[in-house]
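Here is my note on the model you sent. Please read it with the structure open beside you.

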Amino acid sequence: IKGLMRAGQRALARGDARGALGCFRRAHLLSGGTASPLLCRSELPLQCQPSEGGSREPSGHPHANPGVSGEGLQSFPGSLACSGQGVEPCMAQAGSQACEQMGCCYLGLQEPELAARCFLGAASTYEAAASPTAAAVALSRASRLMLQSRSFKATEIAGVLVRCHSLCQSIPDATLRGRLYGEVGFGFAQLHIFSLAAESFERALALCSRDKAGQRREAVLLQNLGAAHNALHSFGTALRWHRQALALHGALGNRRAQGQCFGNLALACSCLGDHRAAHENYLHALQAFRDVGDLGGQWQVSEGLGTACCHLGDPQRAIGHYQEAL
């Protein structure tokens with residue numbers, strides 16, 4: 001098995017997709033795993049670098065989309081070592097690693113459905129071998145790919161997210177646990193299950209470190225919490241999260257993220273009936289998006305400004321903003 005895994009890695013280094021998949025499938029079979037008939041296609045050249053970026057999907061309102069940093073989960077080779085274990089756990093972990101390698105191959109081949117099934121298989125084996133950290137990471141990757149592929153039902157994806165969420169409690173590494181909660185929250189938000197998204201974001205927020213990377217993650221989580229509460233129509237609570245996110249993004253110099261937060265804050269103010277505050281925050285958002293050349297943000301905010309001007313009894317200015325949006 002170790003020889004096949006090494007051979008698969010050498011094949012990846014050469015860009016040999018068929019050779020790599022063949023090695024990893026044979027390693028998986030030798031470990032006692034079962035090969036799926038879905039794991040047979042390997043005809044394209046391989047760029048085997050798993051995409052760690054979170055996808056961004058609109059969710060109905062231009063400013064209700066939870067802004068996610070796209071930070072991926074790092075691998076953790078130390079937690080997958082077999083030293084000190086019996087032969088059967090080692091075989092099981094080797095099979096799981098082979099599944100994960102196949103998942104990376106299919107991800108490089110732009111086959112997210114097949115990659116997701118590989119990571120799901122690896123997660124099940126890790127769970128059976130009582131390796132909650134490895135299982136949770138595999139489930140997180142699988143859920144992201146399931147959302148990307150659009151080949152899975154929402155209930156299937158939600159079930160995987162719930163499994164990942166429950167495993168997080170057993171992970172000793174607080175930083176990794178926080179990142180996984182954030183990934184789970186983003187998955188729930190993509191499914192429009194905003195109550196569970198907000199709960200997961202709050203858990204992740206409590207685990208942010210105090211270094212620069214932790215502050216960046218904290219700013220994103222605050223932004224996501226505000227957006228989730230906007231979607232839940234709990235606008236008073238959303239205001240608090242939006243303002244905290246704005247302050248932290250400003251301190252970190254994240255101008256585009258500031259624009260997103262101003263837009264979300266304006267939406268909450270508008271829904272609470274404070275249209276003057278909404279107008280002011282939309283103006284701040286518009287300037288931020290102009291500063292970074294974000295045309296998509298500019299048209300969304302211009303539309304919001306038009307709506308605010310309508311509520312404030314200024315139809316001529318509203319027309320100007322709507323024309324600018326168009």
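1. A definition to begin with: a residue is buried at under 20% relative accessible area, exposed at over 50%, and partly exposed in between, using a 1.4 Å probe and protein chains only. By that cut-off Ser 200 is buried, with a relative accessible area of 0%. Ser 200 sits in helix α8, residues 194–205. Leaving out residues up to four places away in sequence, Ser 200 touches His 165, Tyr 181, Val 184, Gly 185 and Phe 188. Contact here means heavy atoms within 4.5 Å.

2. Basis of the values. This is a predicted model, in which local features need pLDDT of at least 70, side-chain atom pairs count only at pLDDT 80 or more, and totals for chains, interfaces and linings use all residues. Residues are numbered from 1 along each chain as its sequence is written, and side-chain values use heavy atoms, with hydrogens and water left out.

3. The whole chain. The protein chain has 14 helices and zero strands. Helices (H or I, at least four residues) and strands (E, at least two) are DSSP runs, numbered from the N terminus. Of its 326 residues, 51% count as buried. Among contacts with a separation of 6 or more, 58% join residues 24 or more positions apart.

4. Helices α11 and α12. Helix α11 covers residues 255–271 and helix α12 residues 275–292; they pack at an angle of about 160°, with axes 8 Å apart. Axes are lines fitted to C-alpha atoms, for helices over the stretch in contact, and angles run from 0 to 180 degrees between N-to-C directions. The pair is therefore roughly antiparallel. That label takes angles over 145 degrees; under 35 is roughly parallel, 65 to 115 roughly perpendicular, and the rest oblique. The contact includes Phe 262 and Leu 265 of α11, and Tyr 282 and Phe 289 of α12. Its residues divide into twelve nonpolar, eight polar and three charged. Ala, Val, Leu, Ile, Met, Phe, Trp, Tyr, Cys and Pro count as nonpolar, Asp, Glu, Lys and Arg as charged, and the others, Gly among them, as polar.

5. Helices α9 and α11. The axes of α9 (residues 212–231) and α11 come within 10 Å and cross at roughly 25°. That makes α9 roughly parallel to α11. Gln 223, Ala 227 and Asn 230 of α9 meet residues of α11 including Gln 260 and Leu 267.
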